[in-house]
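Please look over the following structure before reading on.

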Amino acid sequence: MLGNGGRVMFEEERQVNGERDLAAWNQEQIAEMLGDDNRYFAGQRFGHSPTKQEAVRHYVECGGPTDFARRNAKNPRFYRS
C-alpha cells in the first residue's frame, strides 16, 4: 500500500499511469467540502447553518477525504500522462 517516498496509495491509484494533478484534486475536494450537500448535512449535525470551518470539520470527521479518494482513484481528469 505504500508508494514512492512512503506516501500511502490506494491500489486503484497504482493502476493509473502518470502523476496526480494535486491542484485539480484539491480544488475539487474543497468544492465538495463547501458544497450544498455537505453544508446541509453539517447543518443537520450542528443544528445551525455551518461555518466554513464546521463544514470542513464535518467532511473530514465523516470520512469525506477517504470517500473522495475512493470515488476518484481512476478519474483521468486528476492525472497527468
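The model is predicted, and local features need pLDDT of at least 70, side-chain atom pairs count only at pLDDT 80 or more, while totals for chains, interfaces and linings use all residues. Residues are numbered from 1 along each chain as its sequence is written, and side-chain values use heavy atoms, with hydrogens and water left out.

**Overall make-up**

- The protein has five helices and two strands, which follow one another from the N terminus as α-β-α-α-α-α-β; helices (H or I, at least four residues) and strands (E, at least two) are DSSP runs, numbered from the N terminus.
- Of the 81 residues of the protein, 30% count as buried.
- Of the contacts (heavy atoms within 4.5 Å) between residues at least 6 apart in sequence, 48% join residues at least 24 apart.
- The accessible surface of the protein, from the Shrake-Rupley method with a 1.4 Å probe, comes to about 5,700 Å², and 51% of this surface belongs to carbon and sulfur atoms.

**The buried side of α3**

- The buried residues in α3 are N38, A42 and G43; seen down the helix axis they fall within an arc of 135°, so they line one face of the helix, the arc being that of the directions from the helix axis to the C-beta atoms.
- The cover over the buried residues of α3 includes α2 and α4 (52–61).
- N38, which lies in helix α3 (residues 36–46), has a relative accessible area of 11% and is therefore buried.
- Leaving aside neighbours within four places in sequence, N38 is in contact with E32, M33, A55, H58 and Y59.
- After α3 comes G47, whose phi is positive, near 80°.

**The nonpolar core**

- In soluble globular proteins, nonpolar side chains tend to be buried together.
- The largest nonpolar core consists of seven residues, W25, M33, Y59, F68, A69, F78 and Y79, a core being a set of buried Ala, Val, Leu, Ile, Met, Phe, Trp, Tyr and Cys residues joined through side-chain atoms within 4.5 Å.
- Both α2 (22–33) and α5 (64–72) supply at least two residues each to this core.
- Y59, again leaving aside neighbours within four places in sequence, is in contact with Q29, E32, M33, N38, G64, P65 and F68.

**Aromatic rings**

- Rings of Phe, Tyr and Trp (its six-membered ring) pair if their centres lie within 6.5 Å, with planes under 30 degrees apart counted as stacked, over 60 as edge-to-face and the rest as tilted; by this rule there are four aromatic pairs.
- W25 and F78 form an edge-to-face pair, 5.3 Å centre to centre with 75° between the planes.
- This pair links distant parts of the chain, since W25 is in helix α2 and F78 in the loop between α5 and β2 (79–80), 53 residues apart.
- W25 counts as buried at 6% relative accessibility, and F78 counts as buried at 1%.
- The rings of Y40 and F41 are also edge-to-face, because their centres are 5.0 Å apart and their planes stand at 80°; Y40 counts as partly exposed at 49% relative accessibility.
- Ring pairs link W25, F68 and F78 into a cluster.
- The charged end of R20 sits over the ring of W25, 3.8 Å from its centre, where the rule asks for NZ of Lys or CZ of Arg within 6 Å of the ring centre and within 35 degrees of the ring normal.

Methods
Buried means under 20% relative accessible area, exposed over 50%, partly exposed in between (1.4 Å probe, protein chains only).
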